[in-house]
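Here is a short report on how two protein chains meet. Look over the sequence and the model before reading on.

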2 protein chains.
Amino acid sequence: MNAAWLDQIEWTADGLVPAIAQDHSSGRVLMFAWMNRESLALTVAEGYAVYWSRSRQRLWRKGEESGHRQKIIDLQLDCDGDVILLKIEQEGGIACHTGRESCFFRSFKDGDWQIGEAVLKDPKAIYR
Amino acid sequence: MNAAWLDQIEWTADGLVPAIAQDHSSGRVLMFAWMNRESLALTVAEGYAVYWSRSRQRLWRKGEESGHRQKIIDLQLDCDGDVILLKIEQEGGIACHTGRESCFFRSFKDGDWQIGEAVLKDPKAIYR
């Protein structure tokens, strides 16, 4: 795909760019993933977040199994052109595969990472 | 440094972990950088963000030149243990080396990345 806006991105040697998904209304950071050129182009074309799954080495339409899609409200690029910030509307209110709103549910307290957020939905009920 | 909480982190092959800095009061995502084991330990010990500069291959106490330090309010870890979210108080109100509040000052509009945020302070006056 030829597009000047895609060429402006500083892709890693593996052809990826880090992507941060943030709830556009609450401002909560929900998750972090990676995109390649195709997934970013598809994100813009489809209006929903499409990532590149490094573990599965394939396109990952967020919510393809869970239904928890991420509607794009705004896409932002950082000063160095090597990180994408997605302002999204999180369908189902759950971004994390553990059934929580956000993947960042552990805080550093008293010398350890402590869970500070409840599971909203049992993952077994999400991924059937 | 031996510490169970550091061992819980899934470091990359290079010994790094991505770190997202977010303004704790406004919720704005300000920047993205990397940490190694030592910089994360120092972040906790000093109470201010310390990153690992991949370009300079050295510890980077954010604000060491600019004075724009990032006071740690909360440190969060994601579900996979491979991304850190820093809730911070941004001294000087400027996180970006371009003199803007946030590094994410470009939005995708009409097929291109467009600057939507003013420079608050001339970088020449920041880095003297």
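This is a predicted model: local features need pLDDT of at least 70, side-chain atom pairs count only at pLDDT 80 or more; totals for chains, interfaces and linings use all residues.

## Size of the interface

The size of an interface is often given as the accessible area lost when the parts come together. Here, chain A and chain B bury about 3,100 Å² between them. Carbon and sulfur atoms account for 65% of that area. Three residues of chain A lose the most area to chain B: Phe104(A), Arg106(A) and Trp113(A). Together they make up 23% of what that side buries.

The contact can also be counted in residues. On chain A, 34 residues are in contact with 34 residues of chain B.

## What the surface is made of

Salt bridges do not: the count between chain A and chain B is zero.

Which strands of chain A give two or more residues to the side that touches chain B? They are S1 (16-23), S2 (29-36), S5 (70-77), S6 (84-90), S7 (106-109) and S8 (112-115). The largest share comes from S5(A), with four residues. Sorted by class, this side of chain A has 20 nonpolar residues, nine polar ones and five charged ones.

One pairing joins a strand of chain A to a strand of chain B. S7(A) is linked by two bridges to S5(B), residues 70-77. The two strands run antiparallel. Within this pairing, Ser107(A) has Gln76(B) as its bridge partner.

## Symmetry

How are the two chains related? A rotation of 180° superposes chain A on chain B, with 0.0 Å of shift along its axis and an RMSD of 0.0 Å. The two copies are thus related as by a two-fold rotation axis. Of the residues of chain A, Gly27(A) comes closest to that axis, with its C-alpha at 2.6 Å.

## A hairpin within chain A

Chain A also has a pairing of its own strands. S3(A), residues 50-53, and S4(A), residues 58-61, pair in the antiparallel sense over four bridges. Ser53(A) stands opposite Arg58(A) in S4(A). Four residues lie between the strands of this hairpin. In the hairpin, Gln57(A) takes a positive phi near 50°.

Key
Residues are numbered from 1 along each chain as its sequence is written. Chains are lettered from A and ligands numbered from 1 in the order in which they are written. Side-chain values use heavy atoms; hydrogens and water are left out. Contact means heavy atoms within 4.5 Å. Buried area is the accessible area (1.4 Å probe) that two parts lose on being put together, summed over both. A salt bridge is a side-chain nitrogen of Lys or Arg within 4 Å of a carboxyl oxygen of Asp or Glu. Ala, Val, Leu, Ile, Met, Phe, Trp, Tyr, Cys and Pro count as nonpolar, Asp, Glu, Lys and Arg as charged, and the others, Gly among them, as polar. Two strands pair if DSSP finds at least two bridges between them. Copies are superposed by least squares on the C-alpha atoms of residues with pLDDT of at least 70 in both.
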